[in-house]
Amino acid sequence: MDRREFLLHAGGGLGSIALASLLKQEQLLSAAPAGTHVLHHPPRAKRVVQLYMSGAASQCDTFDYKPELIKDNGNEWDPGEKVQLFQSSPGKTMQAPWKWKQYGESGKWLNECVAPLGACVDDMAFIHNMVSKSNVHGPATFMQATGFILPGFPGMGAWISYGLGSMTDNLPTFVVLPDPRGFAPNGAANWSAGFLPASNQGTMIRPNSRTPIANLFPSNNDFITRQSDRDVLAALKQLNQKHEEQRTGDSRLNARIKSYELAAKMQLQAPEVLDLSGETKSTLNLYGLDSVDFEVQEGISEAAEIAYFGRNCLVARRLLEQGVRFVQIWSGADNGFPRRNWDSHEDIKRDHWPLGRGMSIGAAALIQDLKQRGMLDDTIILWTTEFGRMPCSQGSKGRDHNPFVFTNWLSGGGIKGGMTYGESDQWSFKPADPANPTMCYDVHATILQLLGIDHEKLTFRHNGIDRRLTDVHGHVIKEIIA
C-alpha cells in the first residue's frame, strides 16, 4: 500500500485533507476549479448559500401546487386516517389565499406569494417530499441545520469549513447573516462547530447594525492608545501560552486566538465588503433596495421584509466574491408577538405574504446576480425550513405544523434546473410515496457530493464514534444533479 492509497483508506477528515495536499503536489488535481479543494472527487461547486426560513414556511402557499385544495376548499378534510397536530384539531380544507401560475419553460407552478422566483424556476430543482423527525421548532431546526434533532452537533457550514478549509485569509470560512430582529429557536447553536475544532463555527455578521461585526474595532474612548493596545496584546499572549500549556488538546483557546488574528485582517477587508454604497442603482433595484439605510421594525411588513432579506442576499453575494465558502441567511426571528417569523398559526395571509415577497425578491436577485457574474455554476443555493404546514386550517386563517411533508429547493453548482424530484400526495399532507421520503440527510449528502466530498468519508471521531453530517443515513439525489 503506497502513501496515497493509505490516506484514501483513512477516510475523510484530516486523512483526506492530507491526500488532497499530496495530490496537489503531484499535480493530479487539474480537473478541479480554481480555488477549490478536493477531498474525494473533483467538485462541481466550491461555495454554498443556505437560505433558512425560520418558523416553518408553508409549502401549500408557496411552491407545492395542489388543485385538490382549491377544489375542496372549505369542505371537511379527510385524509383517511387520524391526524394529530401540534396545537390544534384538523379544520377545513384550505386553499392558498392567492392564485397560482406556471413559470418558465419547465412550467413550474408557483404561488403569487413567491412570484418573483418565477424568473428563476428553470435554474431551480424542487423537492416536495421532505420529511422531518420532529414537529417542534427547536429540534426540527437543529435537524435541518446540523442533521440531528439534539443539540451539540456541528452545522453543515462547520462541516464544510472543516473538510474544505478557507478560500481567503481575510474573511471567515463560514458566515451567518441572522434576521435583524433576532435569532431563530436554538440561537447561535444552529451554526455551532459542535465537537469539531471551534475555529469552524459560523461567524455572525449583522449588516443592518451600526457595528455589523461585534468587537472588530475598539470603542470610542480616550484611554486606549496605540502603545497601550500593543502592551495589552503582549500580556494577553503570555497568559494564553500559560493557559494552553495547562490544557493540552482543548481547541477552544486556539480557536479564539485565531479568531482575533482573523479579526485583525477583517479590519481591512470586512468594512469594504459590507459597504454597499458602491453598488449600482440597477443592482440595488434588483434586490428590492431603494436605500441601504433603514430602521429595523418590530413586526412584519412587506417593505421591511424586502429590505431585510434583500440586503442580506446582496451582502452574501459580496462575501462569496471575496472567498467566503459558506453563507447562511436567516428569515424569521423568535416566536415573539407581533409575529416575526413563518410560524403562521393565526393568519397565513397576514404573515406569509410579506415574508414570501421579501424572501422571493432577495433569492431571485441572488440567483440572477450570481448567474450574470458567472458564479452560479460553482455556487449552490439551498432553500429550507424546519418543516411544513398542514393542508387544513387552524382556526379560520392559520395552519398548524406539518412534519410529514414540506419543500426544499436548490439552484446552481451542478444542480439540474427546471425539475421536481419527489412529489407530495394530493393534499401536500405526506409524501406521495411514503416508503421513499426525502430527508435532510439526502440533501446534505447531495451538497457534499457536489463539493467533492463523499458524505460517508467526511468523519470526526467523537466519544468513540466516527460522526458525520449525515449520521448513518443519506443518499445522493442523483436525479437533481446535472
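1. Which side chain meets that of Asp-351 in a salt bridge? In this predicted model, the partner is Arg-350, at an N to O distance of 2.7 Å. Asp-351 counts as buried because its relative accessibility is 2%, under the 20% limit, whereas Arg-350 is partly exposed, with a relative accessible area of 44%.

2. The side chain of Arg-350 also meets that of Glu-346 in a salt bridge of 3.2 Å, again taken from N to O, and Glu-346 counts as partly exposed at 32% relative accessibility.

3. The count of salt bridges comes to 24. One of these pairs the side chains of Arg-47 and Asp-378 at 2.3 Å, N to O. Arg-47 lies in strand E1 (residues 47-53) and Asp-378 in the loop between helix H10 (348-372) and strand E8 (379-385), so this pair ties together parts that are 331 residues apart in sequence. Arg-47 counts as buried at 7% relative accessibility, and Asp-378 likewise counts as buried, at 15%.

4. Ser-424 deserves a separate point. Its place is in the loop between strand E12 (419-421) and helix H11 (440-450), and with a relative accessible area of 5% Ser-424 is buried. The side chain of Ser-424 is joined by polar contacts to that of Asp-64, at 2.6 Å, and to that of Lys-66, at 3.1 Å. Leaving aside neighbours within four places in sequence, the residues in contact with Ser-424 also include His-128, Val-405, Lys-430, Pro-431 and Ala-432.

Note on methods. Residues numbered from 1 in each chain as written. Predicted model: local features only at pLDDT ≥ 70, side-chain atom pairs only at ≥ 80, totals over all residues. Heavy atoms only, no water. Helix = DSSP H or I, 4+ residues; strand = E, 2+ residues; numbered from the N terminus. Buried < 20%, exposed > 50% of the residue type's maximum accessible area, 1.4 Å probe, protein only. Polar contact = N/O pair within 3.5 Å; in protein donor to acceptor, adjacent residues only side chain to side chain. Contact = heavy atoms within 4.5 Å. Salt bridge = Lys/Arg side-chain N within 4 Å of Asp/Glu carboxyl O.
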